[in-house]
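Thanks for passing this one along. Here are a few notes to read with the model open beside you.

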Amino acid sequence: MILLSLLLTSPLISTTNAQTETKMDAIQVIGHRQSENLVDFIPSVSKISGKKLNSKRQTSLGDTIQGEPGVSSTSFGPSASRPVIRGLDGDRVRVLQNGLGTLDASTQSVDHAIPIDPLTIDQIEIVRGPMSLLYGSSAVGGVVNVLTNRIKTQFEQGFSAQIQSQGETVNHGLSNALRADFGKANWMVHADASTRNLGNQRIPGYARTEHKRATEPFGSNKTEGNKILPNSFNKQENQAIGVTRVFDKGAFGVSYNHFESDYGTVAEQQVAINMNQNRYELSGEYESPISLFRKFKIKSAQSDYKHREKDKEVVGTTFKNSGNESRLEAINSSDKFDGITGIQTQYNNFQAIGSEAFLPKSKNERVALFTYQELKADKHSYSAGLRAESVGIQKQVTPNFGPAMNKDFMSYNSSVGYLYRLRNEDSISISFSYTERAPNFQELFAGGPHIATGTYEQGFDRLRKEEAYAIETGYKFKNDKNSYSANLFAQKFDGFILLAPSGDTDATSSLPISRYNQLAATFYGADAEATNQIWQTSSGVLHLNTKADIVRGYESSSKNNLPRITPPRLTLGLDYGTDKWSIEGEVVKVMRQTKTAPNETQTKSYALTNIGYNYNFLGEKTSLSTFFKVRNIFNEEARNHVSTLKDIAPLPGRNVVVGLELTL
């Protein structure tokens with residue numbers, strides 16, 4: 001099946017210092033460096049790149065961005081952590097690579113890692129709030145897009161490269177990365193590679209809470225982790241190459257990426273996962289010869305993914321996912337109207353093979369049409385969009401899961417928005433959206449023990465579509481010295497799909513049973529951040545950085561709190577930089593989470609203190625930098641309330657990171 005695509009644009013705003021962006025007239029399109037001036041009413045978008053990305057890089061994507069306003073992480077050990085946006089995770093947050101889905105198995109379970117190494121990416125783009133209109137029904141919570149820069153849109157003559165090596169004390173780890181580009185005669189060639197060798201992670205005290213140790217003593221087959229988190233190792237390799245031909249009116253390129261990882265699952269001390277993915281991408285854009293449109297774009301990704309769950313080196317379950325996601329888009333632009341119209345297709349074949357497989361074989365197809373338009377009139381901007389998406393799920397005949405079954409859904413999404421520019425520096429905005437999300441094959445057909453998480457999952461084949469109504473209002477300000485952004489949001493779900501403990505135990509596996517069901521749910525909250533220039537000298541500038549967020553999620557009828565909701569957080573930081581060196585520090589305060597679901601444990605408040613220092617020995621184009629970071633300086637015990645492992649796996653202890661980076 002041949003699927004074609006065009007890279008979806010999304011409003012990410014441009015900046016010169018790689019901080020979160022709030023400029024309103026130059027909107028950064030997802031996956032592109034050039035401003036497209038589209039959809040700038042969106043209240044909650046940000047970009048992480050440059051020095052800011054370098055200071056935040058960690059083993060997993062979720063942990064790399066978890067400190068951003070409204071963004072936390074599932075924290076399933078150091079290797080398998082997905083982003084959580086405003087209390088929503090899993091299939092409600094789309095993780096994209098260069099604007100297309102990762103095509104892995106990370107949404108199927110919290111122990112499944114995303115096959116992306118933050119060491120080799122150039123930029124991370126975050127869209128908070130429902131973006132299902134443009135990205136698909138599983139973007140009801142938000143979007144995280146990582147850019148690898150393997151396929152180019154512009155020609156650059158000559159050779160450039162970046163080499164990085166770092167060691168860290170928390171896991172006696174060593175990581176290395178290389179990125180290189182060469183351009184000649186309108187051809188661009190890119191290569192990147194990375195390796196990680198990380199041992200078990202150090203923690204401040206016991207892995208399990210005091211209550212857990214007292215009420216559930218271990219048998220002889222497990223080790224009580226103290227100062228070390230058992231089975232938290234990670235070894236991975238990543239290689240990629242891309243080739244692009246740049247034309248007068250466009251560009252076209254292809255790339256290949258191989259990612260392989262071996263890591264412990266933490267939840268089960270004897271279980272490890274071996275995962276690999278081969279991913280192929282093509283991307284092209286061309287200036288339109290038709291006056292109605294300014295540009296056409298096409299993008300497609302093909303993936304062959306596999307991971308094996310091993311219990312004492314014996315393979316229990318093998319997960320396979322082969323598929324394609326593609327987009328074809330036409331961008332229109334005039335004095336008053338900007339917009340995008342396109343078609344998106346997704347197809348994947350999923351298999352779980354083995355005696356402990358808890359998911360049936362399935363074929364999954366999605367085809368969608370969408371359009372989004374914005375009208376500008378002086379200080380006012382009005383926007384509206386529509387999306388229609390057809391979803392087909394075919395359960396295959398298997399001995400353990402019974403006869404074949406087909407489920408078909410038709411989802412519709414719409415949005416309207418308004419933005420008013422108060423002055424050149426600031427604006428206020430409001431947006432409304434209606435979204436529908438079809439249940440995925442796991443929610444419908446799961447049925448069996450999942451060894452890596454220690455639960456028995458039970459799907460429900462009569463689930464209906466989720467429906468959600470959302471409203472968000474925001475304020476943005478930016479001038480040469482200061483920037484502010486603040487957002488208020490609320491989202492109400494009808495038929496919210498939730499995997500919840502049933503209280504029963506499976507007789508065969510002796511594992512606790514969790515079942516998928518539906519309920520009415522409400523989410524609301526706020527997030528904000530500010531950057532203020534508080535001191536300037538002839539050689540550098542001192543900034544104060546502030547971030548804060550709060551989210552609440554509860555069942556609408558009973559008012560019971562939903563599980564694993566991020567506690568209120570506040571971050572205060574300072575950074576000072578000159579041409580040669582920079583220093584930064586921050587304190588992240590996470591409050592006690594008392595708004596817990598039935599049978600869910602509370603988590604204590606904690607404060608993590610981090611510092612970083614960078615010194616460049618050479619110039620700008622050719623530089624040799626050394627960097628030094630200390631995370632969790634005071635070795636404080638911290639348990640992430642969002643994590644399903646919070647009672648058995650705290651966050652890392654003190655970590656000293658030292659490295660070198662050479663840029664040519």
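**Around Gln442**

1. Leaving aside neighbours within four places in sequence, Gln442 is in contact (heavy atoms within 4.5 Å) with Thr107, Gln108, Ser109, Phe358, Leu359, Glu457, Gly459 and Tyr516. Please keep in mind that this is a predicted model, where local features need pLDDT of at least 70 and side-chain atom pairs count only at pLDDT 80 or more, while totals for chains, interfaces and linings use all residues. Residues are numbered from 1 along each chain as its sequence is written, and side-chain values use heavy atoms, with hydrogens and water left out.

2. Gln442 lies in helix α5, residues 441-445 (helices are DSSP runs of H or I, at least four residues, and strands are runs of E, at least two, numbered from the N terminus). Gln442 counts as buried because its relative accessibility is 2% (buried means under 20% relative accessible area, with a 1.4 Å probe and protein chains only). The side chain of Gln442 reaches the backbone oxygen of Gln108 at 2.6 Å.

3. Now to the strands. β19 (residues 314-333) and β20 (residues 337-353) run antiparallel, joined by 16 bridges (two strands pair if DSSP finds at least two bridges between them). A hairpin through 3 residues connects β19 to β20, and Lys320 stands opposite Gln351 in β20.

4. β20 also runs antiparallel to β21 (residues 362-377), with 14 bridges. Thr341 has Thr371 in β21 as its bridge partner.

5. Do look at the open sheet of 5 strands too: its order is β3-β8-β9-β6-β7, with mixed pairing. β3 (45-49) and β7 (100-101) stand at the edges, each with a single partner strand, so one side of each has no neighbour in the sheet. β6 (residues 93-97) pairs with β7 in the antiparallel sense over 2 bridges, and Gln97 stands opposite Leu100 in β7.

Note on methods. Buried means under 20% relative accessible area, exposed over 50%, partly exposed in between (1.4 Å probe, protein chains only). A polar contact is a pair of N or O atoms within 3.5 Å; within protein, one must be able to donate a hydrogen and the other to accept it, and residues adjacent in sequence count only if both atoms are side-chain atoms.
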